[in-house]
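Work through the exercises below with the sequence and the 3D view open. Each task is followed by its solution.

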Amino acid sequence: MPSRQGALSRAAAFFDEGSYGALLARLVAIPSTAQEPGFEPELERYLREAIIPWVESMGFTTRLHPNPVEGFGPILTAERIEDPARPTVLLYGHGDTVRGLDEQWRPGLRPWTLTEEGDRWYGRGTADNKGQHAINLAALEAVLAERGGRLGCNVRLLLEMAEERGSRGLQEFAEAHKELLAADVLIASDGPRVEPDLPTIATGNRGIFQFDLVLMLREGGVHSGHWGGLTTDPAIRLSHAIAALCDAKGKILVRDWLPANGVPAEVRAALAGCPVGGGEGAASIDADWGEPGLTAAEKIYGWNGFIVLAMLSGQPENPMNAVAPWARATCHIRYIADTDPNTFEAALRRHLDAQGFADIAIENAAVRMSAARTAPNHPWVLWAQESVQRSLDRRVQVIPNSSGGLPGDVFADQLGLPMVWVPHSYNGCKQHGPDEHLLKAVAREGLLAFAGLWWDLGEGGTPGR
């Protein structure tokens, strides 16, 4: 007789016999970077060659759509409807990646070749996001095999190819195709666990508000000997302006950027006892950096962060003996759903003016990705937590939002779906740099967790049913 344990055993065998590794190698080999010119055909090839035949073999009906915004990657939708009376899950992923950065990977590693070393698989997209959505689809396939071709629920798949460019076009696509994306819940995977060995469910994402600070003083540089000490140095002045935004320990000084009432009670409750750890090779956690009085988990999952992404003045590659004519810094705020990003630019202008920096211009200020959150105690979240705990026989940590950006606003705000994100990566995976990798143990657990989720979705007793 088909059984839950049988489905989990099939998923485990798929991993242990090497089939998942072989699948991941095929996906990584397609250089589907969305951030480099000349690779545009690879975005569509990933969907046509790697995904569409696979999901059609599982009984999905597929449609490939052009992106509503010209110049951005296509969008794949697929659906497998067994019974409209049964629950419907929207499964999301993205097949595009960041730049390959070929020359920056350490010797023996290449971005578009899967390399196995010990407990890791190296390659671009292994963690973000090819490896993650492949886990979820492979688990679905295992449950179908165990139930003899029946799933017991309905699935709609949305796979985009522009997430690494801010998911451009996804909002417009969702608005035009609400019926095609209609579901009871979003269950998907992206981002990291709170710690490598602690299964995690995130119920939302932080947003990104980005802006440039610019000081332009003159047309060209002037001799540092003749003018140094006499004329304003834009780099020094811009550095002081940035120091007026954030103190030497990382505390944000523009208090209007922060949640007005502190960490919300439901967020604080969800994060009680939540650890934060990047794993081997990850950046260190500086206990005294950031907002005083908050735990590490509250700082990254329940608060806003200010980051200087890049600064430039003069010609660093060929320094001249001159006082530079200008200075520029690109910054962003990682913000949670309890703050309104539409107030950020005005608050920044007020603060700079009050601190004597009226000459610093704010340019290109905009939301790059919106914050969104489902309540951590939502019935679908609790249902998924219980399912994953039963599959893995250990505790699952629920967090109110991931630390990074995801297009959660499309699902929560536009489509009205509760969100259950089950990440299969960790903070030290180097997903946006060289040497990106996926941990084998986490991938295997992800297969078991999703096999259990798919099985339980077909058993009845889901929220609202």
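**Exercise 1.** What covers the buried residues of α3?

Solution. The model is a predicted one. Begin with the helix: α3 spans residues 40-57 and has 18 residues. From its first C-alpha to its last it reaches 26 Å, close to the 26 Å expected at 1.5 Å a residue. Next, list its buried residues: E42, L43, Y46, L47, A50, I51, I52, W54 and V55. Finally, look at what lies over them: the cover includes α2 (19-28), β1 (61-65), β2 (75-80), α4 and β6 (154-160).

**Exercise 2.** Find where α3 has a kink, and describe the residue with positive phi that follows the helix.

Solution. The kink, of about 40°, lies at I51, shortly before the proline P53. After α3 comes G59, with a positive phi near 95°.

**Exercise 3.** Is N136 buried or exposed?

Solution. Locate N136 in helix α4, residues 130-146. The relative accessibility of N136 is 0%, and buried means under 20%, so N136 counts as buried. Its side chain makes a polar contact of 2.9 Å with the side chain of H424. Leaving aside neighbours within four places in sequence, N136 is also in contact with other residues, among them L91, A188, F450 and W454.

**Exercise 4.** Which strands pair with β7 in the parallel sense?

Solution. Take β3 (residues 88-94): β3 and β7 pair over 2 bridges, and L90 stands opposite L186. Then take β18 (residues 419-421): 3 bridges join β18 to β7, and V420 stands opposite I187. Both faces of β7 are covered, with V185 and I187 buried on one side and L186 and A188 buried on the other.

Conventions. Residues are numbered from 1 along each chain as its sequence is written. This is a predicted model: local features need pLDDT of at least 70, side-chain atom pairs count only at pLDDT 80 or more; totals for chains, interfaces and linings use all residues. Side-chain values use heavy atoms; hydrogens and water are left out. Helices (H or I, at least four residues) and strands (E, at least two) are DSSP runs, numbered from the N terminus. Buried means under 20% relative accessible area, exposed over 50%, partly exposed in between (1.4 Å probe, protein chains only). A polar contact is a pair of N or O atoms within 3.5 Å; within protein, one must be able to donate a hydrogen and the other to accept it, and residues adjacent in sequence count only if both atoms are side-chain atoms. Contact means heavy atoms within 4.5 Å. The expected span of a helix is 1.5 Å times one less than its number of residues. The bend at a residue is the angle between axes fitted to the seven residues ending there and the seven starting there. Two strands pair if DSSP finds at least two bridges between them.
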